Amino acid sequence: MGGEECAISPPPSLLTGEVAAKRTEGAQSRALCLSMTRSPTDAVAINAVLVAARQAVDVICDRWSLAIVAAALMGEMRFGGLAARTGIGGRLLAARLRALEADGVLQRDGPAWRLTAMGRAAAPIIGQMRRWESASAPLICAACGRVATARDIDLKLSASRLRAVPVKQTARRRSTLSDGSGGVAGVGLGESLDVFGDKWGIEILLCVFFRLARLVALGVLTPEYRLTEKGIDLYGVMVAVQDWADRWVQGRVRSPVRLVHRGCGRVFHPG
Ligand SMILES: [Zn+2]
């Protein structure tokens with residue numbers, strides 16, 4: 001796609017500094033059009049980023065798993081308490097607890113559960129979801145403490161990591177909106193669960209980020225679908241998911257992309 005003419009933004013994880021931000025005047029929500037430079041643009045690189053992104057969301061981005069982790073981070077550790085706070089039925093809750101235990105997020109502790117170090121490290125994901133929902137605080141670079149947006153972040157492709165990404169992937173079953181929708185008031189999460197707890201929500205986002213531009217270029221779709229400011233702000237959650245998975249999920253393909261905050265030149269992590 002031509003940088004100047006693009007109608008659809010690249011993924012937040014692919015946003016770079018060289019931005020041709022076009023604001024659609026008069027639109028209900030401002031849309032941005034960003035060009036990709038110094039970023040993965042060829043098919044192999046995009047596939048690698050997709051595989052890594054899907055592997056990251058596979059582990060934690062299930063609406064019930066997110067709700068359970070959020071409840072546990074609030075100190076809820078007993079089965080009954082978790083059920084009451086998340087509203088998850090007994091059998092489903094038991095199955096999700098077992099899955100989270102198998103993944104190393106939770107550990108049995110007598111009649112209760114406790115978060116492992118891996119589970120506690122998921123706090124920034126929930127924190128970024130809350131930040132995105134409330135739009136109360138900007139994204140902060142942990143290295144320098146300054147406000148950053150997706151547009152302040154450069155991308156560097158790591159060649160060695162790129163080679164380690166398999167061409168094919170197997171996806172886990174993830175929850176869909178048919179499993180439930182809306183927020184889980186007991187853990188204080190709202191619409192972010194409908195984005196990050198829904199398999200199709202994430203798939204559509206990935207498609208918007210990576211693939212719709214191609215279909216627009218082919219004339220199959222009209223270029224109406226643009227990422228809004230709110231969409232761009234999802235970046236913080238996606239980086240938090242990726243950071244967590246890169247650090248904690250064994251055997252996962254690490255993302256071939258390194259995010260660098262242009263303001264300070266250091267690797268970007270949400271603060
Ligand atoms: Zn910085």
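A nonpolar core is a set of buried Ala, Val, Leu, Ile, Met, Phe, Trp, Tyr and Cys residues joined through C-beta atoms within 7 Å. The legends below describe close-up views of a predicted model.

**Figure 1. The largest nonpolar core of the predicted model has 59 residues.** Within this core, the residues that touch the most other members are L66, A67, I68, V237 and V241. Helix α1 (residues 43-60) supplies the largest share of the core, 9 residues. In the protein as a whole, 41% of the 271 residues count as buried. The secondary structure comprises 12 helices and 4 strands. Of the contacts with a separation of 6 or more, 73% join residues 24 or more positions apart.

**Figure 2. Helices α6 and α12 pack with their axes 8 Å apart.** Helix α6 spans residues 123-134 and helix α12 spans residues 235-248. The angle between them is about 175 degrees, and the two helices are therefore roughly antiparallel to each other. Helix α6 contributes P124, I125, Q128, M129, R131 and W132 to the contact, and helix α12 contributes G236, V237, A240, V241 and W244. By class, this contact consists of 8 nonpolar, 2 polar and 1 charged residues. V237 and V241, both in the α12 side of this contact, are also among the core residues that touch the most other members.

**Figure 3. Helices α2 and α4 cross at roughly 80 degrees.** Their axes come within 10 Å. Because angles of 65 to 115 degrees count as roughly perpendicular, α2 and α4 are described as roughly perpendicular to each other. The residues that meet are W64, S65 and I68 in α2 and L92, R96, L97 and L100 in α4. By class, the contact of α2 with α4 has 5 nonpolar, 1 polar and 1 charged residues. I68 of this contact is one of the core residues with the most contacts to other members.

**Figure 4. R96 is a residue of helix α4.** R96 is buried, since 22 other C-beta atoms lie within 10 Å, where 20 or more are required. Beyond residues up to four places away in sequence, R96 touches W64, S65, I68 and I88. The C-alpha atoms of R96 and I68 are 8.3 Å apart in space, although the two residues are 28 residues apart in sequence.

**Figure 5. Helix α3 (residues 79-86) has the buried residues L82, R85 and T86.** Seen down the axis of α3, these buried residues fall within an arc of 85 degrees, so they line one face of the helix. They pack against α2 (63-73) and α4 (90-102). After α3 comes G87, which has a positive phi, near 75 degrees.

**Figure 6. A112 lies in strand β2 (residues 112-115).** A112 counts as partly exposed because 14 C-beta neighbours lie inside 10 Å. Leaving aside residues up to four places away in sequence, A112 is in contact with M77 and R78.

**Figure 7. L50 lies in helix α1.** With 19 other C-beta atoms within 10 Å, L50 is partly exposed; a residue needs 20 or more to be buried. L50 and S255 are 205 residues apart along the chain, and their C-alpha atoms are separated by 8.8 Å.

Note on methods. Residues numbered from 1 in each chain as written. Predicted model: local features only at pLDDT ≥ 70, side-chain atom pairs only at ≥ 80, totals over all residues. Buried ≥ 20, exposed ≤ 12 C-beta atoms within 10 Å, placed from the backbone. Arc of directions from axis to C-beta. Contact = placed C-beta atoms within 7 Å. Axes fitted to C-alpha atoms, helices over the stretch in contact; angles between N-to-C directions. Parallel < 35°, antiparallel > 145°, perpendicular 65-115°, else oblique. Nonpolar A, V, L, I, M, F, W, Y, C, P; charged D, E, K, R; others polar.
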